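The sequence and the model come first.

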Amino acid sequence: MSQLLYGYMTLILLLIILTTICVLFSHGYAQEGPQIFIKPGSSSPFNPHFYVPQTITISKGVIITWRNSDSVDHSVTFINPDLNAQLDIVRPNSTFTHKFDEVGTFDYYCRFYPFMTGQIIVTDK
């Protein structure tokens, strides 16, 4: 009976270790990065702030999260067609994340309100 109990405990311990390893590596080697806020009232061209911060510099491999704090839909549409970012709409109180794996300058805008613009500068450091 004690050998059976020992076997079950060993199995449970191995499952806990494997689960922990899977959770730790499920995000790859990306670094969680800053957030960019879509400010309330951004759909008005008279609002002094749209994407905050409007320009940000990050290191290669960092993940940026856009958070829509406005009451209407917005988008994060990249001008660079080579950038592999998939997004249709960022609904109110929702987020969009993107990992930047390439060095460069990436301009973006809201396709619903094109006066809303932002820029991501990705460095090799």
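Helices (H or I, at least four residues) and strands (E, at least two) are DSSP runs, numbered from the N terminus. The model is predicted, so local features need pLDDT of at least 70 and side-chain atom pairs count only at pLDDT 80 or more, while totals for chains, interfaces and linings use all residues. Residues are numbered from 1 along each chain as its sequence is written, and side-chain values use heavy atoms, leaving out hydrogens and water.

**Strand 3**
- Strand 3 spans residues 55–59; Ile56 and Ile58 make up its covered face, and Thr55, Thr57 and Ser59 its uncovered one.
- Five bridges join strand 3 in the parallel sense to strand 8, residues 117–123 (two strands pair if DSSP finds at least two bridges between them).
- In this pairing, Gln119 of strand 8 is opposite Thr55.

**Salt bridges**
- A salt bridge here is a side-chain nitrogen of Lys or Arg within 4 Å of a carboxyl oxygen of Asp or Glu, and the count is two.
- One joins Arg91 and Asp73, with N to O at 2.8 Å.
- Arg91 is in the loop between strand 5 (77–78) and strand 6 (95–99) and Asp73 in the loop between strand 4 (62–68) and strand 5, so the pair ties together parts 18 residues apart in sequence.
- Another joins Lys99 and Asp101, whose closest N and O atoms are 3.6 Å apart.

**Accessibility of the charged residues**
- Buried means under 20% relative accessible area, exposed over 50%, and partly exposed in between (1.4 Å probe, protein chains only).
- Arg91 is partly exposed at 45%, and Asp73 is partly exposed at 25%.
- Lys99 is partly exposed at 34%, and Asp101 is partly exposed at 44%.
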